[in-house]
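Dear colleague,

I am passing on the structure below, and after it you will find notes on what turned up when I went through the model. Please read them beside the coordinates.

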Amino acid sequence: VDNNDDEDVDSKNDSGKYKQEKEQIKYSIKEVVFLSRHESKSGSPSLTVHPIGVPRASKWTKNMGGHAGKCPPPSRSMGLVFRELKKQARESGISEQFQVTFEATHHGPYLRSPAMFLEIGSTEENWVRQDAGDCWARTLQNTILSDNNGGLSEDSEQQVVVLSLGGGHYVPFINDIVLSSERVTPGHMIPSYLLDDVIVDDQEEKSEEGEREWEQAIETAVDASYNAAISSNIIDNGEIVWERGRNATSCLKVYIDKKSFKAPARQKVIELLQRMGLEYTTKKRDAVFFDHP
């Protein structure tokens, strides 16, 4: 799905040959929500939320879908949905059976509209549970299906989008950060296994642009997260206004999981964020940092 984009359509002519026609479809998509099932080796019951994308090009496989090295903007409703999901799971009594958690960015598809996956996991027995489906239905009814600006709060322009670097496939520290403030919503979450080669060796192979691939992965996630953060309030003639290296990022902040990086690698990540003009912290309980855009 491409928002406000021409689409190529194959149609058959009288001679049996195919020709391409272009049709401009005018519409506006605020966000795309995928209701899906989650699978895991552990088979643990879970209710999960995650953005989509494949930020690390060399880690892409066909099964992931999407485009290698590209990320759509994460939905700005993720924080709101997650907080309501936790509430509904607790009130319905399934929170002791189902893990409620964010997952890191790890698969496609690719689209241009903000997007998120909302899932029930992790086995067929869990997928068909009525109480899990009811929990998600109440969550959606109270958030993105409400009449309150499509689920976004009235002060959504004051949201703080938090991108995370490090950690595993599940992201418990983002769970805690999002639950700590109603202003916070997650951006992309890049796990350690996509940043396992952050090193200080200057001889590491670089791209034609002079960047290492792990740097490109972070920049891809930052660009998409920032685009989501400012999608409703900083637009000039349809173009997003942002220049790298300029500190125009009060609505986007970065959490670095300190345990995920050895000191030299962590310093390299910090230097990259500083060059991009981004605010960052390694302290999960830094309430003032996360709560003030």
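Which residues in α1 meet which residues in α4? Gly79, Phe82, Arg83 and Lys86 of α1 are in contact with Asn175, Val178 and Leu179 of α4, where contact means heavy atoms within 4.5 Å. By class, the residues of this contact of α1 with α4 comprise three nonpolar, two polar and two charged; here Ala, Val, Leu, Ile, Met, Phe, Trp, Tyr, Cys and Pro are counted as nonpolar, Asp, Glu, Lys and Arg as charged, and the others, Gly among them, as polar.

Before going further, please note that this is a predicted model, in which local features need pLDDT of at least 70 and side-chain atom pairs count only at pLDDT 80 or more, while totals for chains, interfaces and linings use all residues. Residues are numbered from 1 along each chain as its sequence is written, and side-chain values use heavy atoms, with hydrogens and water left out.

Overall architecture

The protein has seven helices and 12 strands, which are DSSP runs numbered from the N terminus (H or I of at least four residues for helices, E of at least two for strands). Of its 293 residues, 45% are buried, that is, under 20% relative accessible area, with exposed meaning over 50% and partly exposed in between (1.4 Å probe, protein chains only). Among the contacts with a separation of 6 or more, 75% are between residues 24 or more positions apart.

Helix packing

Two packed helices are described by the angle between their axes and the distance between the axes. The axes are lines fitted to C-alpha atoms, for helices over the stretch in contact, and the angles run from 0 to 180 degrees between N-to-C directions. Helix α1 (residues 78-92) and helix α4 (residues 172-180) have axes that come within 10 Å and cross at roughly 95 degrees, and α1 and α4 are therefore roughly perpendicular to each other. On the scale used, angles under 35 degrees count as roughly parallel, over 145 as roughly antiparallel, 65 to 115 as roughly perpendicular and the rest as oblique.

Helix α1 also packs with helix α3 (residues 130-142), at an angle of about 135 degrees and with the axes 9 Å apart, so that α1 and α3 are oblique to each other. Their crossing is right-handed, a term used if the near helix is turned clockwise from the far one by less than a right angle, and left-handed if anticlockwise. On the α1 side the residues are Val81, Glu84, Leu85, Gln88, Ala89 and Ser92, and they meet Cys135, Trp136, Arg138, Thr139 and Asn142 in α3; these divide into five nonpolar, four polar and two charged.

The axes of helix α5 (residues 213-229) and helix α6 (residues 263-275) come within 11 Å and cross at roughly 50 degrees, which makes α5 oblique to α6. The crossing of α5 and α6 is right-handed, and the contact involves Trp214, Glu215, Ile218 and Glu219 of α5 together with Lys268, Val269, Leu272, Leu273 and Arg275 of α6. The residues of that contact divide into five nonpolar, no polar and four charged.

Individual residues

Gly187 is found in strand β8 (residues 184-190) and is buried, with a relative accessible area of 0%. Leaving out residues up to four places away in sequence, Gly187 touches Pro51, Pro74, Met78, Val161, Val162, Leu163 and Ser225. The C-alpha atoms of Gly187 and Ser164, which are 23 residues apart along the chain, are separated by 7.4 Å.

Ser181, in the loop between α4 and β8, counts as buried at 8% relative accessibility. With neighbours within four places in sequence set aside, Ser181 is in contact with Arg83 and Asp291.

Ser122 lies in strand β6 (residues 115-122) and, at 5% relative accessibility, also counts as buried. Residues up to four places away in sequence aside, Ser122 touches His38, Glu39, Ser40, Gly43, Ser44, Pro45, Ser46 and Trp127.

Peptide bonds to check

Most peptide bonds are trans. A cis peptide bond joins Gly121 and Ser122, with omega about 5 degrees. The bond from Gly108 to Pro109 is also cis, with omega near 10 degrees, and Pro109 is placed in the loop between β5 (99-102) and β6.
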